[in-house]
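Here is a short briefing to read alongside the model. Have the viewer open and follow the topics below.

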Amino acid sequence: MALFGRKKDDDKPSVVVLSYGGREGLLPKFTFQLDPERVDIVGRDEACSIQILDPKISRRQFSIGWNDDLEGYVATDLESANGTFVNGIKIGRPTKLHEGDTIEIGNSKLTYTTKRFKDQVTAIDHFKREGERFRGTMQMDMREE
């Protein structure tokens, strides 16, 4: 039986980690596929479905999931200490995400997308603003000495 209106796994949106507080090499994967059947929690806690070990983010920073009323994926801050920002604006209620939206938490930056990338370098190059495509991306080393 065919399910109409249901997307293939390859068509599902993703959250792509563009920067990870300068520690991108420690991240086991850079893209996290979203599923309308679940709500993903982003934070430092190992129980989070998207774990980011950035010391500036909360154990449970924000959630991202499908919202039937808004007909799209939404980001919701989970009363984090430093807040969750979408396109530079601190969110206080569920915020619908659109292609290319930037989510900033602590020292890390993610983006919401339906595009597919073979690796993190390709993803970063794609999301650089016009005029920045040929400039290098600085990555800081935040390891504690």
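A salt bridge here is a side-chain nitrogen of Lys or Arg within 4 Å of a carboxyl oxygen of Asp or Glu, and buried means under 20% relative accessible area, exposed over 50%, partly exposed in between (1.4 Å probe, protein chains only). This is a predicted model, in which local features need pLDDT of at least 70 and side-chain atom pairs count only at pLDDT 80 or more, while totals for chains, interfaces and linings use all residues. Residues are numbered from 1 along each chain as its sequence is written, and side-chain values use heavy atoms, with hydrogens and water left out.

- D101 sits in the loop between strand 9 (95-96) and strand 10; strands are DSSP E runs of at least two residues, numbered from the N terminus.
- The D101 side chain does reach the backbone nitrogen of H98, at 2.8 Å.
- Beyond neighbours within four places in sequence, D101 is in contact (heavy atoms within 4.5 Å) with residues including V86, N87 and L110.

- E104 belongs to strand 10 and counts as partly exposed because its relative accessibility is 31%.
- Leaving aside neighbours within four places, E104 is in contact with G83, T84, F85, G88 and K109.

Notes:
Helix = DSSP H or I, 4+ residues; strand = E, 2+ residues; numbered from the N terminus. Polar contact = N/O pair within 3.5 Å; in protein donor to acceptor, adjacent residues only side chain to side chain.
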